[in-house]
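Hi everyone, and thanks for coming along. Let me put the structure up on the screen, and then we'll walk through it together.

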Amino acid sequence: MKSTFCVLYSVPPEEAVKWGESFDKLLSQKAGLDAFTRFLKTEFSEENIEFWTACEDYKKNKTSHQLLPKAKTIYETFIRKDAPKEVNLDFHTKEVTAQNITHPTLDSFDVAQAKVYRLMEQDSYPRFLRSGMYLDLIKGREQSGHPALRRRSRSFTFNEFQDVQSDFTIWL
């Protein structure tokens, strides 16, 4: 019996190979977008693709009365300082976007979305193409149910300091 992950990510190797031609090709196919999103989750940077996808969905709004609440939700989730899924944007881009959403249009997030897109294209996408996940797909290997998550590195662990006596007098 195949795992859910295998069923969702079982793509012909020829299709996966096309994802290596350009970042646009990867994102234009649902299976490519899903595989890239899964990869970003292993790198703890899924907020970038979630923001990009939210912007794409935002641009599909048909009525202007939907824009303001959706723009505020995207801004509060991804752009404002200390947002729960804050994306890495410079101060100027954040300011421009904040101004844009006071009277939102379909292109209110274009500058921010383009910056996040370039970041993913130049940084995450090349790593994806070198990843075991992608290499297995182009070789026609099925993905395991739960790929190992990469842990953020730590310079020390708690166990290394078990025998250390703290001296609180220094701090008094």
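Before anything else, one term: when I say buried, I mean a relative accessible area under 20%, while exposed is over 50% and partly exposed is in between, with a 1.4 Å probe and protein chains only. Please keep in mind that this is a predicted model, where local features need pLDDT of at least 70, side-chain atom pairs count only at pLDDT 80 or more, and totals for chains, interfaces and linings use all residues. Residues are numbered from 1 along each chain as its sequence is written, and side-chain values use heavy atoms, with hydrogens and water left out.

Let's start with the overall layout. The protein has nine helices and zero strands. Helices here are DSSP runs of H or I with at least four residues, strands are runs of E with at least two, and the numbering goes from the N terminus. Of the 172 residues, 34% are buried. The accessible surface is about 11,300 Å², and carbon and sulfur atoms hold 55% of that; the areas come from the Shrake-Rupley method with a 1.4 Å probe, and for residues, only the protein chains shown count as cover. Contact, for me, means heavy atoms within 4.5 Å. Among contacts with a separation of 6 or more, 62% are between residues 24 or more positions apart.

Now for helix H5, residues 46–58. H5 has 13 residues and spans 18 Å from first C-alpha to last, close to the expected 18 Å at 1.5 Å a residue; the expected span is 1.5 Å times one less than the number of residues. Which residues of H5 are buried? They are Glu47, Asn48, Ile49, Phe51, Trp52, Ala54, Cys55 and Tyr58. As a reminder, an α-helix has 3.6 residues a turn, so residues three or four places apart point the same way. The cover over the buried residues of H5 includes H3, H4, H6 and H8. Take Asn48 as one of them: its relative accessible area is 6%. Beyond its neighbours within four places in sequence, Asn48 is in contact with Val87, Val116, Leu119 and Met120.

On to helix H8, residues 110–130. H8 has 21 residues and reaches 29 Å between its first and last C-alpha, close to the 30 Å expected at 1.5 Å a residue. Where does H8 have its kink? It lies at Ser124, shortly before the proline Pro126, and comes to about 40 degrees. The bend at a residue is the angle between axes fitted to the seven residues ending there and the seven starting there. Buried in H8 are Ala112, Gln113, Val116, Tyr117, Met120, Ser124, Tyr125 and Phe128.

Next, the nonpolar core: a set of buried Ala, Val, Leu, Ile, Met, Phe, Trp, Tyr and Cys residues joined through side-chain atoms within 4.5 Å. The largest one has 37 residues, and Trp19, Phe36, Phe51, Phe109 and Phe128 touch the most other members. Helices H2, H3, H4, H5, H6, H8 and H9 each supply at least two residues of this core. Phe128, not counting residues up to four places away, touches Trp19, Leu26, Ala35, Phe36, Phe39, Met133 and Tyr134.

A whole-structure search finds ten aromatic pairs. Rings of Phe, Tyr and Trp (its six-membered ring) pair if their centres lie within 6.5 Å; planes under 30 degrees apart are stacked, over 60 edge-to-face, and the rest tilted. Tyr58 and Phe109 are edge-to-face, because their ring planes are at 90 degrees, with the centres 5.2 Å apart. This pair links distant parts of the chain: Tyr58 is in H5, and Phe109 is in the loop between H7 and H8, 51 residues apart. Both Tyr58 and Phe109 are buried. Phe128 and Tyr134 make a tilted pair, with 5.2 Å between centres and 45 degrees between planes, and both are buried. Ring pairs also join Phe23, Phe36, Phe39, Tyr117, Tyr125, Phe128 and Tyr134 into a cluster.

Phe39 sits in helix H4 and is buried, at 6% relative accessible area. Leaving aside neighbours within four places, Phe39 is in contact with Ser124, Arg127, Phe128, Ser131 and Met133.

Finally, two loop residues. Phe44, between H4 and H5, has a positive phi of about 60 degrees although it is not a glycine, and is partly exposed at 31%. Asp82, between H6 and H7, is not a glycine either, yet has a positive phi of about 65 degrees; Asp82 is exposed, at 57%.
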